[in-house]
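I wanted to go through this protein with the coordinates open and write down what I looked up. I began with the overall layout and then turned to the charged pairs.

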Amino acid sequence: MAQKKKGGEEDMGRVAIYAGSFDPITYGHIDIIERGLEIFDKVIVAIANNEEKRSLFTIEERLKMTKTIFKDTPNVIVDSFRGLLVDYVSKTNAKVILRGLRATSDFEYEFHMASMNRSLNTHLDTLFMMTSKDYFFVSSRTIKEVARLGGGVEGLVPDLVVRRLKEKFKLPVTKRKHISWDD
Ligand code: ADP
């Protein structure tokens, strides 16, 4: 809850930024966000709009899916950003970048990024959370690969994402004829 600090500065509580491609969002991401909410008052999910990186889902599609998934969670804000993450963070009142760590393979990249971000903004820290045992093997990339080949990804991504993946890869969507972006 926003409270007035002495001197009129507004205190929005502890805010973390969870940035990534979310192409598409998985239960691995959602697990980190939910655990982040145990520590922070608000988590801003910042979806990178990076034209140089080819994505399966457009930025609008990723925003819409992620917003729909968190529509009943007011302390999760879904937004997009372009350019440097530190520049985006400085426009918010977050002091912490939240990241998920899967295996040792994530470590080197994450270590470099966290160090670089700290050198760009010394007030900023990165907090890492270990992946849950149920999702350590889940990445957006493998989800897309499996879904493209017709494999089941139920239980690893929300049902909405399962349906969007089937639509993208023109695989039969069971039961419903048409699904709107809002359901
Ligand atoms: P991905 O690496 O799956 O394409 P993103 O670029 O969207 O995902 O990553 C955003 C953040 O989420 C990164 O810190 C990444 O390490 C983390 N992350 C992604 N998948 C998982 C998972 N299954 N468990 C924990 N953290 C994850």
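My entries follow, from the whole chain down to single side chains.

**Entry 1, overall.** I note at the outset that this is a predicted model. I looked up the secondary structure and found six helices and seven strands, which from the N terminus run β-β-β-α-β-α-β-α-β-α-β-α-α. Of the 183 residues, 41% count as buried, and the accessible surface comes to about 11,300 Å², with 53% of that area belonging to carbon and sulfur atoms. I also looked at the contacts with a separation of 6 or more, and residues 24 or more positions apart account for 68% of them.

**Entry 2, the sheet.** I traced an open sheet of five strands with parallel pairing, in the order E5-E4-E3-E6-E7. Strand E5 (76-81) and strand E7 (125-130) stand at its edges and have a single partner strand each, so one side of each is left without a neighbour in the sheet. Neighbouring strands are turned by 30° against each other on average, when direction is ignored.

The chain passes from E4 through H2 to E5 in a right-handed β-α-β crossover. Helix H2 (residues 59-69) itself lies across E4 and E5 and runs at about 155° to E4. Helix H4 (residues 104-120) also packs on the sheet, where it touches strand E6 (96-101) and E7, and its direction makes about 175° with that of E6.

The structure holds 12 salt bridges, and I looked at several of them. Asp 23 forms one with Lys 144, with the closest N and O atoms 2.8 Å apart. This pair links distant parts of the chain, since Asp 23 is in the loop between strand E3 (15-20) and helix H1 (27-39) while Lys 144 is in helix H5 (residues 140-148), 121 residues apart. Both Asp 23 and Lys 144 are buried.

Are Glu 51 and Arg 82 buried or exposed? Both are exposed, and their side chains meet in a salt bridge (2.7 Å, N to O). Glu 51 lies in the loop between E4 and H2 and Arg 82 in the loop between E5 and helix H3 (85-90), so the pair ties together parts that are 31 residues apart in sequence.

Arg 141 forms a salt bridge with Glu 145, the N and O atoms being 3.7 Å apart at their closest. Because Arg 141 and Glu 145 are four residues apart in helix H5, about one helical turn separates them.

Notes: Residues numbered from 1 in each chain as written. Predicted model: local features only at pLDDT ≥ 70, side-chain atom pairs only at ≥ 80, totals over all residues. Heavy atoms only, no water. Pairing = 2+ DSSP bridges. Axes fitted to C-alpha atoms, helices over the stretch in contact; angles between N-to-C directions. Contact = heavy atoms within 4.5 Å. Buried < 20%, exposed > 50% of the residue type's maximum accessible area, 1.4 Å probe, protein only. Areas by Shrake-Rupley, 256 points an atom, 1.4 Å probe, with all protein chains shown as cover. Right-handed = clockwise from strand over helix to strand, strands pointing away. Salt bridge = Lys/Arg side-chain N within 4 Å of Asp/Glu carboxyl O.
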